[in-house]
Amino acid sequence: MSEVKKNTAGAPASGTDTKAAATVARDVYGARPAKGGGYRGGSGGGAGGRGRSRGRDDRPKDEFEQRILEVARVTRVMAGGKRMKFRACVAIGDKKGNVGVGLGKGADVTMAVNKAVNRAKKDMVNVPIVGETIPHAVLEKQGAAIVMLKPTKKGRGVIAGGVTRVILNLAGIKNITSKTLGSKNKVNNARCTMEALRALRRTEVKDKVKEPAKAETVEVKSK
């Protein structure tokens, strides 16, 4: 029996039909038949052609770096039963003094994270940074959480733990000492840290202007 050839679509065809289809594809698309069906695009630019760069994303990159602080599954009890959702707490920052924390809920983790990022962008804090540290010490209480922040000298590093360390790194603070007290809840600690950063004020040292010395007047009593 004569051997039956298959065209690129997988249907049986004669050798003449296969060569004709390949010629048309090469003339029109600038491509040649590929293994397993279809055509490989040439420089002319068919789908998947060589003219396109592989793995290249031309979309603008987000200027903020984000970190997920906590993802939890929450339940809401309704008349018809329980409704399950996901809650995400996300911190974003540009490491140049701008940082924010947002909380979002959704049917899946991706939706919850996107909502949290959008809320964090609307509630940004501009942290005053002086010499890679904060200008002064601050103690803040939010609910049961207590956060203390103190400036340190250069080279000391970020001495912090938990969500406080993540937020301080996203803010761009390189030398700081912190202490978290009172609560182990990550959401409360993150909110308390943000309130502590919001309470910071930039201090300016003004040079004292020396006033000109006043001429002393001596009274001479006449005899």
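Trainee: What are the ground rules here?

Mentor: The model is predicted: local features need pLDDT of at least 70, side-chain atom pairs count only at pLDDT 80 or more, and totals for chains, interfaces and linings use all residues. Residues are numbered from 1 along each chain as its sequence is written, and side-chain values use heavy atoms, with hydrogens and water left out.

Trainee: How many bridges join β5 to β6, and which way do these strands run?

Mentor: Start with the terms. Strands are DSSP E runs of at least two residues, and helices are H or I runs of at least four, both numbered from the N terminus. Two strands pair if DSSP finds at least two bridges between them. Here, 13 bridges join β5 (residues 65-78) to β6 (residues 81-93), and the two run antiparallel. They form a hairpin with two residues between them. Arg67 has Ala91 in β6 as its bridge partner.

Trainee: Which strand does β6 join through eight bridges?

Mentor: β7 (residues 98-106), again antiparallel. Ala88 is bridged to Gly104 in β7. The β6-β7 hairpin has four residues between its strands, and Lys95 there takes a positive phi near 60 degrees.

Trainee: How many salt bridges does a search of the whole structure find?

Mentor: First the idea: side chains of opposite charge can pair when their charged atoms come close. The test is a side-chain nitrogen of Lys or Arg within 4 Å of a carboxyl oxygen of Asp or Glu. The search finds five. One of them joins Arg87 and Glu70, with the closest N and O atoms 3.6 Å apart. Arg87 lies in β6 and Glu70 in β5, so the pair ties together parts 17 residues apart in sequence.

Trainee: Is Arg87 buried or partly exposed?

Mentor: Cut-offs first: buried means under 20% relative accessible area, exposed over 50%, partly exposed in between (1.4 Å probe, protein chains only). Arg87 is partly exposed because its relative accessibility is 24%. Glu70, at 23%, is partly exposed too.

Trainee: What span does α4 reach from its first C-alpha to its last?

Mentor: The expected span is 1.5 Å times one less than the number of residues. Helix α4 (residues 186-198) has 13 residues and reaches 18 Å, close to the 18 Å expected. Its buried residues include Val187, Cys192 and Leu197. At the helix start, a side-chain oxygen of Asn185 comes to within 2.9 Å of the backbone nitrogen of Val187.

Trainee: Which residues make the nonpolar surface patch?

Mentor: Patch members have over 30% relative accessible area and no salt bridge; like charges are joined within 9 Å, nonpolar side chains (Val, Leu, Ile, Met, Phe, Trp, Tyr) within 5 Å. Areas come from the Shrake-Rupley method with a 1.4 Å probe; for residues, only the protein chains shown count as cover. Ile68, Val71 and Val109 make a patch of about 220 Å². Val71 sits in β5 and is partly exposed at 40%.

Technical notes: A polar contact is a pair of N or O atoms within 3.5 Å; within protein, one must be able to donate a hydrogen and the other to accept it, and residues adjacent in sequence count only if both atoms are side-chain atoms.
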